[in-house]
Amino acid sequence: MADLNYKKRAIQIGLIAIVLLVLALVLRNIAIGWAPPRDQYPVQGISVDESHGKIVWHVAGATGVDFAYLTATNGAEKRDTSFATNIKGAREAGVRYGALHEYSLCRLASDQATMFVTTVPRNENMLPPAVRLDYNEKCGERPGRALVLSELNTFLNQIESHTGKAAVIAVSPELEADYNLASGINRTFWLEDNFFPPDYATKPWVMWRASNIRRISGVDGPVNWNVVRP
């Protein structure tokens, strides 16, 4: 009898495990396919870099990608190897595109600006440049707020002179909590939070990275899915 009860319990546990696994897979599929409703956010797009490999842009465009931000440079020493290819692909697919720079707290703003302006072509049809600020393991420095704001303004002035457009500032919750850039930089902001509209800055966001796990046809791996405030 004890053996029979043990077997029944084992079967029950196994069935529960299967149900939980199926539920987890269903929830995962919902999460990776989710995007904010189009009736609330009509303009939606992606941000991508070389880690996404070769993007089939006409396929991505057909999935509802209205625009794309393409990583161009990182700090003062790294050019994204897919930037030029992604520009060509996005343009040919009719997807509006802009260049993104990953800002480093460890490098001089003037050096980073030089890297950006020598990589990103002047093109009046491009979207405003975007600058993303976040902590990363390669840069352990934490300069004071006044220095960060001063250097960032230097960088912005140089790249905006090159592109002819005011930049968009993308900032992580962690860095914004420490530096409060939204109160110190007079630019539009691009905030991030999966599934729920972010509210961690002192001014309203213009763009929202709504998911960093979405998967779409034409792109390998998860993409950053972004929406524009109407």
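**The disulfide and its neighbouring helices**

Tutor: Let's start with cysteine 106, which is partly exposed, at a relative accessible area of 27% (buried is under 20%, exposed over 50%, partly exposed in between, with a 1.4 Å probe and protein chains only). Cysteine 139, in contrast, is buried, at 6%. This is a predicted model, where local features need pLDDT of at least 70, side-chain atom pairs count only at pLDDT 80 or more, and totals for chains, interfaces and linings use all residues. Residues are numbered from 1 along each chain as its sequence is written, and side-chain values use heavy atoms, without hydrogens and water.

A disulfide joins cysteine 106 to cysteine 139, with 2.0 Å from S to S (the cut-off is sulfur atoms within 2.5 Å). The count comes to 1 disulfide. The torsion about its S-S bond is about 95°, so the disulfide is right-handed. Cysteine 106 sits in the loop between strand E4 (96-103) and H4, and cysteine 139 in the loop between strand E5 (130-133) and H5, so the pair ties together parts 33 residues apart in sequence (helices, H or I, have at least four residues and strands, E, at least two, as DSSP runs numbered from the N terminus).

Now look at those two helices. H4 (residues 109-117) and H5 (residues 145-163) pack at about 20°, their axes 8 Å apart (axes are lines fitted to C-alpha atoms, for helices over the stretch in contact, and angles run from 0 to 180 degrees between N-to-C directions). H4 and H5 are therefore roughly parallel to each other (angles under 35 degrees; over 145 is roughly antiparallel, 65 to 115 roughly perpendicular, the rest oblique). Among the residues making the contact are Phe116 of H4 and Phe155 of H5 (contact means heavy atoms within 4.5 Å).
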